[in-house]
Every structure is written in C-alpha cells, then in structure tokens.
Amino acid sequence: MRLRLDAVQVRLGGAGVVDGVDLDVHPGELVGLLGPNGSGKSTLLRTVYRALRPDAGAVWLDGRDLWRTVGVREAARSTAAVPQEHGADFGFTVAETVHAGRTPHQGLLDRDTAAAAIVRAAIERVGLAGKAHRLTHTLSGGEKQRVLLARALAQQPRLLVLDEPTNHLDITAQLEQLRLIRKLRLTTLTALHDLNHAAAFCDRVYVLHAGRVAAAGPPGDVLTPDLLADIFRIRAHPGTNPLTGTPHLYLAPLEEEPS
Amino acid sequence: METKVATATTATRVQRRFRVLMTGSAGAVLGGTVLALGTGAVDVPVGDVVRILAAHLGGGRYGADLIGDDIVWQYRAPRALLAIVAGTGLSVAGTVLQAVVRNPLADPYVLGLASGASLGAVAVLTLGSAAVAGLSLPAAAFAGAAAALAAVLALGRRAGQLLPGRLLLAGVSIGYLASAVTSYLQLRAHPDRLAGVLFWLLGSLSGAQWSQLGIPAGCVLGGTLWLLTQARRLNALAFGDETATALGVDVARLRLRLLLVTALVTGTVIAEVGAIGFVGLLVPHLVRLLVGADHRRVLPLAALLGGGYLLLVDTAARTLARPVELPVGILTAVLGTPGLLWLLRRGDTDPAVR
C-alpha cells in the first residue's frame, strides 16, 4: 500500500504540533520517523491510524483520502497500528489479545474458525507459538511488544504504523524486534528513537523538527553531522557497522569533551 | 507441532469450562428459583411450587392450595424474578463499565448513579413526594440517577471526547455532592423516618410486585442483549482508546452508547430495589477468574451468575433471621467477599483459575 501525507497540519491547544508535513511511503518500504521528543512524531502517526483528525492537509492511502472517504472500520482493515499505550490489564491471554486484531473484519454473527487460523499464524510469525495461552502480562517486555505486533498482523494490514516499537526493551529484544519488522516486508512507517537502529533497518527516514520535515531520504544521506548537531544538539561521526555493513553513527554530546 | 496441539487443547479447555459453567449456572438459576419460591415463613413443597407455576403459566391457579398459591405466585415469584433481573443488570453493567473506564475497581455506581438515585429516593422518604414534584419513590430515584449521569457526561467531556479519567473524577465528585445533600436531608428528617431511609439505602427487594417488574425487566433484558453484541468491541476498548480506534472502533460513539445503556439498566434497577452494593463489582471479577478476560465469555456468564447470586442472597436475607428481614445489601458483601478472596488466592497458585 502507498501512503502519502499532503501538507498535514495538527494544532493541539492552539500550538502547531505538526506544521505542514509532506511524507511518502512506497509499497514495501520501511520508513523511519526520527526527531527529538516533542517534534511531532506520535501526533503525525496518529493522523495515519485515524486517531487524530488533521486540522489541515490530507492523508492518502492508495489514492483515497483517509479522513474524507474512508470510515474508521474500513481504515482498520488495511492499516494496523501499535500505538504507545497501555490499557488496563484485565488478564487477556496472548491468543485473546491477538484475536482483537480481527475486530474490523468480523461481523456480529461470524464464526471464529477462520479467525483462529489467522490468529495462530500471526502468533507463529512473531515466534510466540508456545505461549499462545499465557497471560500477556506475564511475558517479558520484548515478548509483549511482539504480541502487539502479532495483533497488528492479525488485521492482515497492507500498511503498518508503529510508534517506538523498541521502547523499554533490552538491546537483544530491540534488535530482534527490528529484525522481525524488517522481515515482514510490509509497507511500514515507524517512529524510532535510536538513530543507529534507523540507519541499520530503514530504507528511508524523515527527520522531524518542531513539527516540520527537516530532512528526508536514505539514512546514510540524511543523518549528517551538520543535521544532527542542528536538530539533536549532538556531535556525530559517520561510519560503517563492520558487522552488518550498514551506516553507523558515532555520537557524543555537543559541548563536553571526554575527560 | 507439539506446541500447536497443546495450545489447541488449552483453548478447548477454556471453551469447555465456559460451556459447563453456563449450563450449570442456568440450571442453578432455574432450580434455585423453584427452591426459593418454596422457602420462607411458610414452606411450600417443591412439587407444589412446580404445580403452582405450571397452573399460572397455563393461565389458571392451583386450586388444591390457594394460600400456597398466593404466597408463591403473588409474593415470592415477583420478588425472585426482581432479584434475578437486578443481579443480572448490576453484574452486566459493572462488567461493561470496568472496560469503559478501564478500571477494574469500577462498579455500576462509579458514575454517581447510586448517589443520585439515593438523593431522589431519600428526598421522597424524608420530605414527602410533594417536595419532588409528586414523583413516586422509584420515579424520583430514577430521576436522581439520570440527573447524576447527565452531570457526569457534561463534566467528563473534553473536546467532544469522553475520557475515562475525567469520567471517573466527575462521577466521584457528583457522588460526593449528592451524598452530602442526602446526609443533610437525613440529618433534618424526623427520626421515625430514618429506619426507612437506611433500609432503602442498603437495598431491598421486599416491595417486589408483578406490576413493577415490567420496566426493570425490559430494560435489563434489552440492555443485556445489546451489550452481548458489543463484546468484541469491549475487548478492543480494554486495550486503550488509540488501540481500539486502530482496530476500527469508533470509540467516542461506542463509549457514549455503552454509558447510556448501562445507565438505563442500572437506573431502572436502583429505582426499584435501591443501591444494592458489591454485586456489580464482585461478579465481574469472579467471572474473569473463572473464564478469563474475553467479554464474549464474561458477559453471558456474568448475566447468569449475577442473577443467580442475588437470588441466593435475597433468599438468605429473608430466611436467615426469620421473622426479621435483613437488608440484602449487607449480605451481598458478607457472603460475596469470602468467595472472591478465596478465588483470588487460588488464582495465584493454580494457573487453571486465572
């Protein structure tokens, strides 16, 4: 699926949080959304998974205007999202949590037979086959995040929207999560904190600053020392990760010299 | 492959347990009703109860024992039905509200409905019906609940959205306000009237009559049936508003509808029987411990168990301390707490009881 944002603007409480963003995600691409805290990443993503109506501009999914011609249920049949949100814990199992991904597809009287196969496949795809009937809250942070990814997969989406999918995970789980997302080969737009994760896993990145796109393109071209000094207030030295051959950034605070 | 087989078995086991519990509860409610109808100041044998019920369902009366017929059909049957209706309504409303505000401590009264209803009822009981525009006691109680809900919905709204945290805070605030006025009314009331006030506040089914059953029964039945159709969306809502939206749920509209329907169910029940506590908090948790969190299992079982539980408690309330009748609201907690605590403790150690 192709996603296009056209001059999207969001004002929350008078302040412009997203201030005219143009953005493209081509079919099959993994696109990272970078930027300091408060730069508007989550807000922008919310306009894509239909949780927040933009004040101006449009979100296009395969040429259809999401906010003017696509209903919330229909949108959820093609776009799945993993927001940064923690619901109350009522004690859902992994399978029950993932099953919720079928919500936009199932009618009132639909049987669960077909859904069960889709749910099982999604759970296997994220590597949790043996844990389908564990309570989700008893799993590790990395596993929980994979459960949410499986729920998104159960929606059988053509566009995946992720908000900081590696937040609060240890380094093993972070890399595993990103490798998994890469392997899905779905059209994906994801907010990321870690610049090196973005450099290693994304096809292209957008850097947001104060609600505007400061730069866009392949991570190796975009994440230059000048840009990082300007926007993140850090020093950077570009290099290559000898283990993977992907771009890698050596980072340090802007002013302090190492003692 | 092995894990696949194992997971399938677990799923089937939960499903099977759900079916067994549903069948068992339905049987228990039916059997319990017959037993409850025969139990009381005058005991009527089970066989006679069945014959009396059969006679009335056929449009006649049981001629062999007209006194027994009167006791069972005119007094105990409407009361037993009202107990089932109230227990079902409060349990279903409690389950739904816990998901709507995403707080496992929520009960049907969390939005101030009970305090509003109590204010209306106590106004009638202490000042007389003329003071509240001539409304009858149930009507005044319902009006109080409706007014409380309207205030909470107005206060809980921000930018056109009803937010769980704001709703809870608004509900608690309105509850305190209504309770304060209720206390003031009690303070000023003639001491003779206080016993009646206390009895109403603790909840009682003793005034049950066939003629008053229609409204609560209709609202609870209709409300429960509609809520059952929303079980999948309730699951989605439990994960959070953003997630539910991403799953295709129109959260603002769903939350408003759920609040209105649960308020209608709760309001019509409280108007008849008072604010019977604990059922709407206890039963949802009990049911989740038995069959897990999926509302497609929780709601139907809560409806059955809630009705059965209140029937049991009310029968105990009118027989335990014969000839004195205990307020049912005291017994719901006294009988329910040990059960809930036992299940909670068991749930820690036995993975089968989640």
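**Notes on the predicted model**

1. Chain A has a secondary structure of 10 helices and 12 strands; helices (H or I, at least four residues) and strands (E, at least two) are DSSP runs, numbered from the N terminus. This is a predicted model, in which local features need pLDDT of at least 70 and side-chain atom pairs count only at pLDDT 80 or more, while totals for chains, interfaces and linings use all residues. Residues are numbered from 1 along each chain as its sequence is written, and chains are lettered from A and ligands numbered from 1 in the order in which they are written.

2. The C-alpha trace of chain A spans about 60 × 40 × 30 Å along its principal axes.

3. In chain A, 44% of the 259 residues count as buried (20 or more other C-beta atoms within 10 Å of the residue's own; exposed is 12 or fewer, partly exposed in between; C-beta atoms are placed from the backbone). Of the contacts in chain A with a separation of 6 or more, 65% are between residues 24 or more positions apart; a contact requires C-beta atoms, placed from the backbone, within 7 Å.

4. Chain B has 14 helices and two strands. Its radius of gyration is 21 Å, close to the 20 Å from the globule rule for 354 residues, so chain B is as compact as a globular protein of that length. The C-alpha atoms of chain B fill a box of roughly 65 × 50 × 40 Å along the principal axes. Buried residues are 51% of the 354 in chain B.

5. Between the chains, 32 residues of chain A are in contact with 29 residues of chain B. On the chain A side, α3 (72-78), β6 (79-82) and α4 (94-99) are the elements that give two or more residues. The most come from α3(A), with five. By class, this side of chain A has 18 nonpolar, nine polar and five charged residues. Here Ala, Val, Leu, Ile, Met, Phe, Trp, Tyr, Cys and Pro count as nonpolar, Asp, Glu, Lys and Arg as charged, and the others, Gly among them, as polar.

6. His99(A) lies in helix α4 of chain A. His99(A) is buried, with 25 other C-beta atoms within 10 Å. Leaving out residues up to four places away in sequence, His99(A) touches Ala115(A), Val119(A) and Ala154(A).

7. Helices α6 (residues 141-154) and α7 (residues 171-184) of chain A pack at an angle of about 20°, with their axes 9 Å apart. Axes are lines fitted to C-alpha atoms, for helices over the stretch in contact, and angles run from 0 to 180 degrees between N-to-C directions. α6(A) is therefore roughly parallel to α7(A) (under 35 degrees; over 145 is roughly antiparallel, 65 to 115 roughly perpendicular, the rest oblique). The residues of this contact between α6(A) and α7(A) divide into three nonpolar, four polar and two charged.

8. In chain B, helices α12 (residues 279-291) and α13 (residues 295-319) pack at about 130°, with axes 9 Å apart. That makes α12(B) oblique to α13(B). The contact of α12(B) with α13(B) has 12 nonpolar, one polar and two charged residues.

Conventions: Contact = placed C-beta atoms within 7 Å. Rg over C-alpha atoms; globule rule 2.2 N^0.38 Å.
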